[in-house]
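Thanks for coming, everyone. I'd like to walk through one model today. Please have a look at it first.

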Amino acid sequence: MSAPFDSKQSIGLTRELIEVLFPIFEQASAGAIAVDREGHITWINTRYASLLGIKDPHTLIGRPVRAVIPHSRLPEVLRTGQPLLLDIMEHHTQQLVVSRLPFFDDAGQVSGAVAFVLYDDLQPLTPLVSKYRQLHQDLLAAKKALANKARSTRYSLNDFAGASPAALEVKRRARLAAGRDMPVLLLGETGTGKEILAQAIHSLSPRTAAPFVGVNVAAVPENLLEAEFFGVAPGAFTGADRRMRKGKFQLAHGGTLFLDEVGDMPLALQAKLLRVLQEREIEPLGSNQVIPVDVRLIAATSRDLDAMVAEGSFRSDLYYRLNVLEISIPPLRARLSDIGVLCETLLEAICAGQELRAEVTDAAINVLECYDWPGNIRELRNVLERAFTMGEGCGTLDADAVCRVLPKVVCGSNTTPETTAARPLAEVLAEAEAIAIGAALKSCNSNRSKAARLLGISRSALYEKLARLS
């Protein structure tokens, strides 16, 4: 039996068959439309015209369908000859569930297409949407469990939420790093998302199918660090396992090793790490065997490595080896415009698996933007989770709910837009820019090169802005 929509067939769904089925589909739908092979409207019923806000459907005949319905995918159906049996199309504030079918002439060429609006309200689909969300949450949970077991990643670049210029610059550099097999150094305060970015770089890189192994240098006792990195040979010391215990470099072979808080690494281990990076081989503790390793290194720290190099607490040669590609992650106070999208992302994660939904009001976001967030995104999540819990599962977090869990000095000030007199936009933007530049310079100890990287602008652009401020 031939497939009716197989482009290799000489005849597909014909106009005659469409004409037979059309009255049935039209009666069961909330609107119907037909176009010719050039994508011009040949027919539209009154119900579809009403959905589009058109009183007289005859005025639409002969017009290109995209001129009337900007998001229509009928031209795609005409081009490919393939149906789109179920799709959600947005038109202004409406969400329409649409089905689109091509029809063919006797020569097997597409001669037109029809579309039917199956639903003009998504409410009847609520059980289906809820089921999809549950399946999606179950899939995410399974992926996280598998990632923990198989040493793979849980995060992608989409998990680094934000659309501010500073956030977009971080994502641009992350994509650049993913395409090059070189060491990467992530610089940023605690809670800014360094591990998310490290996993995202690995996920986008050619090593994505290989292990991603992370280790927090600050969390491992100093006397165990060497064994943690390079492994332990059988019987290396009293009580040692009779089998070889692999270190992180061996576990990450072929993939990525993420060293978090690398600034806390003792000097003795820094020398050994440098040798591994240069020679690409390790020697397990208590062994004379040299084992080759192929590892891409991503390091991260919240400390000022430049100052540590100057004072001698961090080796300069290791610093230059690690800092082949540097990515400075700005603190949350330097990208307050991202708080809205961050709240959406974090609340979705907080509610995952609980069959709950939460949203934050514009007034609440205005309050959150008045705080300087010393704990960055990690603190923001903590605040949202506390507000959600204190609200006993209420689906909407308003300004009052947020104020209950923020320091009183924030909510006690009169800096929110509701109580501030309107000012020219240029003046407000200039003031916000000056505050952001001041905060960046302060966090970088007036190092202008670092401040420029933190703000996501060039050094010359920073100098120009500083000249205007002076």
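First, the ground rules. This is a predicted model: local features need pLDDT of at least 70, side-chain atom pairs count only at pLDDT 80 or more, and totals for chains, interfaces and linings use all residues. Residues are numbered from 1 along each chain as its sequence is written, and side-chain values use heavy atoms, with hydrogens and water left out.

Now the overview. The protein has 20 helices and 14 strands. Those are DSSP runs, numbered from the N terminus: H or I over at least four residues for helices, E over at least two for strands. Of its 470 residues, 42% count as buried. Buried is under 20% relative accessible area, exposed is over 50%, and partly exposed lies in between, with a 1.4 Å probe and protein chains only. The accessible surface is about 25400 Å², and carbon and sulfur atoms hold 53% of that. Areas come from the Shrake-Rupley method with a 1.4 Å probe; for residues, only the protein chains shown count as cover. On contacts, meaning heavy atoms within 4.5 Å: among those between residues at least 6 apart in sequence, 63% join residues at least 24 apart.

Next, the cavities. How many cavities of 30 Å³ or more does the structure hold? Two. A cavity here is a set of points, on a 1 Å grid over the protein atoms alone, where a 1.4 Å probe fits but cannot get out; lining residues have an atom within 4 Å of a point. Points are joined across faces, edges and corners, and a volume is the space filled by probe spheres set on the points.

α6 gives the most, with four. By class, the lining has four nonpolar, two polar and three charged residues. Nonpolar means Ala, Val, Leu, Ile, Met, Phe, Trp, Tyr, Cys and Pro; charged means Asp, Glu, Lys and Arg; the others, Gly among them, are polar.

The second largest cavity has a volume of about 40 Å³. Among its lining residues are Ile33, Tyr48, Val98, Arg100 and Ala115. Here the classes come to seven nonpolar, one polar and one charged.

Two of those names return with Gly31. Gly31 sits in the loop between α1 (15-28) and β1 (32-36). At 0% relative accessibility, Gly31 is buried. Beyond its neighbours within four places in sequence, Gly31 contacts Asn45, Arg47, Tyr48, Ala115, Phe116 and Val117. Gly31 and Val98 are 67 residues apart in sequence, with 9.3 Å between their C-alpha atoms.

The other glycine is Gly340, in helix α13 (residues 339-351). Gly340 is buried too, at 17%. Its C-alpha lies 8.2 Å from that of Asp362, 22 residues away along the chain.

Now α7, residues 194-204. Its buried residues include Leu197, Ala198 and Ile201. The buried residues of α7 pack against α6, β6 (184-187), β7 (212-216), β8 (256-260), β11 (296-301) and β12 (325-328).

Last, cysteines. There are zero disulfides, a disulfide being a pair of cysteine sulfur atoms within 2.5 Å. Cys351 is buried at 3% relative accessible area, while Cys370 is partly exposed at 29%.

Key. On a 1 Å grid over the protein atoms alone, a cavity is a set of points where a 1.4 Å probe fits but cannot get out, and a pocket is an open set with protein on both sides within 12 Å along at least five of seven lines; lining residues have an atom within 4 Å of a point.
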